[in-house]
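Take a look at the model below.

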Amino acid sequence: MALRLCVRRQLGSLASPRAAVIPKVLVARYATATTSSLAEDVKHAIKRDASLPNPDPTVDSPSAALVDEHAPYMIATYARPPPVFVQGEGSWIWDIENRKYLDFTAGIAVNALGHCDPQIAEVIAQQARTLVHASNLYYNPWTGALSKLLVEKTVESGAMHDASAVFICNSGSEANEAAIKFARKAGKVVDPSGNKIEIVSFANAFHGRTMGSLSATHNPKYQKPFAPMLPGFKLGTYNDVAAISELVTEKTCGVMVEPIQGEGGVQVASEEFLVALAKRCREVGAVLVYDEIQSGLSRTGTMWAHGNLPKEAHPDILTTAKALGNGFPIGAVIVTKDVSEKISVGDHGTTFGGNPLACRVAHHIVTRLSDAQLQKDVLAKSEIFRDRFRKLQDKFPKLITEVRGKGLILGLQLTQDPTNIVKAARERGLLIITAGTNTLRFLPSLNISEGEIQQGLDILEESIAAVVQ
């Protein structure tokens with residue numbers, strides 16, 4: 001056991017120039033983890049560890065000891081793999097035992113500017129010394145500044161041409177919850193009879209886990225434990241143009257749709273579908289909501305994923321979060337003037353949303369993510385991924401059936417469960433995640449380097465080969 005830990009630490013030190021700054025007190029504290037009594041298992045583990053650069057921590061590792069201490073106090077809502085992450089920089093992240101991983105997930109599209117960006121850290125430190133929270137009972141300089149910037153950059157980008165006002169909240173689910181409420185309120189203003197209450201959303205969508213956003217997420221896996229859902233939510237088929245007229249009716253107050261379904265398998269909505277959907281919303285007086293929580297803020301190479309659509313397909317409400325705070329909790333809802341005029345004082349609120357710290361951080365991030373050169377670079381990096389994906393598809397034609405997505409929100413559709421590939425990649429130093437059914441999802445930081453992309457894709461190819469063989 002001692003030999004294995006020693007070897008691991010030496011390998012970790014060679015792999016990471018930051019070994020000195022990993023909190024060694026954590027490693028030392030848990031280095032005395034219980035030793036396995038099964039000698040053969042230990043021998044097997046030593047042999048296996050020697051063949052992999054980043055073997056998952058074993059049950060007698062410092063990582064496992066830490067997890068065993070903490071897990072009983074945590075509600076088990078996630079099934080997590082063994083590594084315990086303690087530090088990040090750029091596109092890299094380190095675990096408690098100093099293993100180094102290239103992160104192709106960016107915290108599920110959150111860390112668009114990478115882990116622990118120095119400029120963001122400085123902004124947080126400055127504002128934390130100035131003013132963190134004063135409540136929404138008063139004005140502060142940053143809530144309005146962020147709202148103004150979001151409207152200006154959105155219109156300037158060619159997306160949502162009539163964006164007018166913003167509500168700041170704390171997360172993507174909260175943003176979608178607010179969008180649902182705004183749609184319902186708009187419906188009651190348009191039709192005071194109270195009949196215009198239906199919210200339409202689509203199969204394989206993911207809008208959040210609060211009861212409103214969950215009711216719009218028609219996935220039995222998520223809904224069944226908490227049924228019944230809220231009334232008035234209607235299910236449609238994504239990209240089914242012919243069904244729109246029957247789906248969206250005079251009873252519809254709002255339609256929620258992701259221009260790119262991230263959790264649903266990186267499915268891209270066709271322009272024909274979104275144009276037809278918007279047209280039908282105008283016909284019946286329904287509010288069109290674009291959920292760009294995962295796909296927005298330059299991840300597709302444009303400020304917003306719908307930025308290339310004609311004006312008639314632009315939304316009335318646009319929700320965002322994830323990259324907006326680069327890890328600091330914040331969300332936002334951008335609305336047209338027509339929608340904002342239907343919302344009155346007291347209709348909605350938030351305790352923490354719009355606090356000066358979160359808004360100043362997001363203001364800095366939006367300024368950087370709206371940069372034209374960054375967006376061009378995203379498109380160029382996307383082509384590097386796609387080129388390698390095509391080569392992988394040629395090499396493993398029975399496994400890889402399709403490449404989907406835009407910019408740096410990409411998916412590889414497989415013919416089998418990708419769980420073993422995800423594990424093989426992790427144990428070789430690459431973090432990837434899944435989506436939909438048998439889809440590998442790629443959401444790297446937008447400022448990832450070309451060299452890091454190639455390095456990660458080399459690991460991916462090696463991992464696929466190891467599993468297939």
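In which hand, left or right, does α6 pass α14? The crossing is right-handed. This is a predicted model, so treat each value as computed from it.

Start with the two helices. Helix α6 covers residues 118-128, and helix α14 covers residues 356-369. They pack at an angle of about 150 degrees. Their axes lie 9 Å apart. Angles over 145 degrees count as roughly antiparallel, and α6 and α14 are therefore roughly antiparallel to each other.

From α6 come Gln 119, Ile 120, Val 123, Ile 124, Gln 126, Gln 127 and Ala 128. From α14 come Pro 356, Leu 357, Arg 360, Val 361, His 364, Ile 365 and Arg 368. Eight residues of this contact are nonpolar, four are polar and two are charged.

Next, turn to the second largest pocket. Its space comes to about 840 Å³. How many residues line the second largest pocket? The lining has 27 residues. Nearest the centre lie Asn 136, Thr 143, Val 166, Phe 167 and Ile 168.

Which element gives the most? Strand β4 does, with four residues.

The lining of the second largest pocket has 13 nonpolar residues and 13 polar ones.

Conventions
Residues are numbered from 1 along each chain as its sequence is written. This is a predicted model: local features need pLDDT of at least 70, side-chain atom pairs count only at pLDDT 80 or more; totals for chains, interfaces and linings use all residues. Side-chain values use heavy atoms; hydrogens and water are left out. On a 1 Å grid over the protein atoms alone, a cavity is a set of points where a 1.4 Å probe fits but cannot get out, and a pocket is an open set with protein on both sides within 12 Å along at least five of seven lines; lining residues have an atom within 4 Å of a point. Grid points are joined across faces, edges and corners, and a volume is the space filled by probe spheres set on the points. Ala, Val, Leu, Ile, Met, Phe, Trp, Tyr, Cys and Pro count as nonpolar, Asp, Glu, Lys and Arg as charged, and the others, Gly among them, as polar. Axes are lines fitted to C-alpha atoms, for helices over the stretch in contact, and angles run from 0 to 180 degrees between N-to-C directions. Angles under 35 degrees count as roughly parallel, over 145 as roughly antiparallel, 65 to 115 as roughly perpendicular and the rest as oblique. A crossing is left-handed if the near helix is turned anticlockwise from the far one by less than a right angle, and right-handed if clockwise. Contact means heavy atoms within 4.5 Å.
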